Amino acid sequence: MTRPDKINYYLDIAETVSERSTCLRKHYGAIIVKNDIIVSTGYNGAPRGRKNCSDIGYCMRDKLGIPRGERYEMCRSVHAEANAIIAADRDKMLGSTLYMACEDPKTGEIVGGVCSCMMCKRMAINAGIREVIVRETKDTFTVYSVSDWIENDDSLSGKFGY
């Protein structure tokens with residue numbers, strides 16, 4: 001038996017959290033960890049009390065042909081990172097790491113090449129999160145330094161998506 005390294009251990013947990021997602025496009029799971037303690041978890045889904053896309057049977061963004069990374073106001077879901085941040089005390093997030101995993105709900109396969117959207121980046125900055133680690137494959141990941149998101153402000157680029 002091979003013991004997973006600490007980063008993949010937390011990414012495995014984020015991947016499990018993604019199984020609660022109610023989005024029809026992508027299942028995201030996020031966990032915030034500080035000093036080897038899980039501070040909070042989150043997955044993408046409709047706000048509490050509202051019907052999920054999985055309940056109503058369609059995605060409004062798909063119905064309108066909206067591409068990935070654009071027109072989030074048309075999405076029913078709160079993002080996984082946002083839900084994890086909302087559920088945590090700020091003092092417990094200062095200097096923490098957010099781990100995120102994404103799966104395709106149709107195939108169950110890991111989706112690599114994803115990162116936080118501009119809004120979630122802003123929330124991570126204000127929450128005091130130090131880094132975001134995103135699963136690429138079962139054993140590989142990308143580490144994003146939140147301080148880079150401050151210095152390289154993508155909201156000034158004029159580009160859509162992420």
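Modeller: The sulfur of Cys 115 has its closest cysteine sulfur in Cys 117, 9.2 Å away, which is too far for a bond. A disulfide is a pair of cysteine sulfur atoms within 2.5 Å. This is a predicted model, in which local features need pLDDT of at least 70 and side-chain atom pairs count only at pLDDT 80 or more, while totals for chains, interfaces and linings use all residues. Residues are numbered from 1 along each chain as its sequence is written, and side-chain values use heavy atoms, with hydrogens and water left out.

Cys 115 is buried, at a relative accessible area of 15%; buried means under 20%, exposed over 50%, and partly exposed in between, using a 1.4 Å probe and protein chains only. For Cys 23, the closest cysteine sulfur is in Cys 59, at 5.9 Å, again too far for a bond. Cys 23 is also buried, at 11%. The structure holds zero disulfides.

Rings of Phe, Tyr and Trp (its six-membered ring) pair if their centres lie within 6.5 Å; planes under 30 degrees apart count as stacked, over 60 as edge-to-face and the rest as tilted. The count comes to three aromatic pairs. In one of them, Tyr 9 and Tyr 10 have ring centres 5.0 Å apart and planes at 55°, so the pair is tilted. Tyr 9 is partly exposed at 40%, whereas Tyr 10 is buried at 3%. Tyr 144 and Trp 149 also form a tilted pair, with centres 6.2 Å apart and planes at 35°. Ring pairs link Tyr 9, Tyr 10 and Tyr 99 into a cluster.
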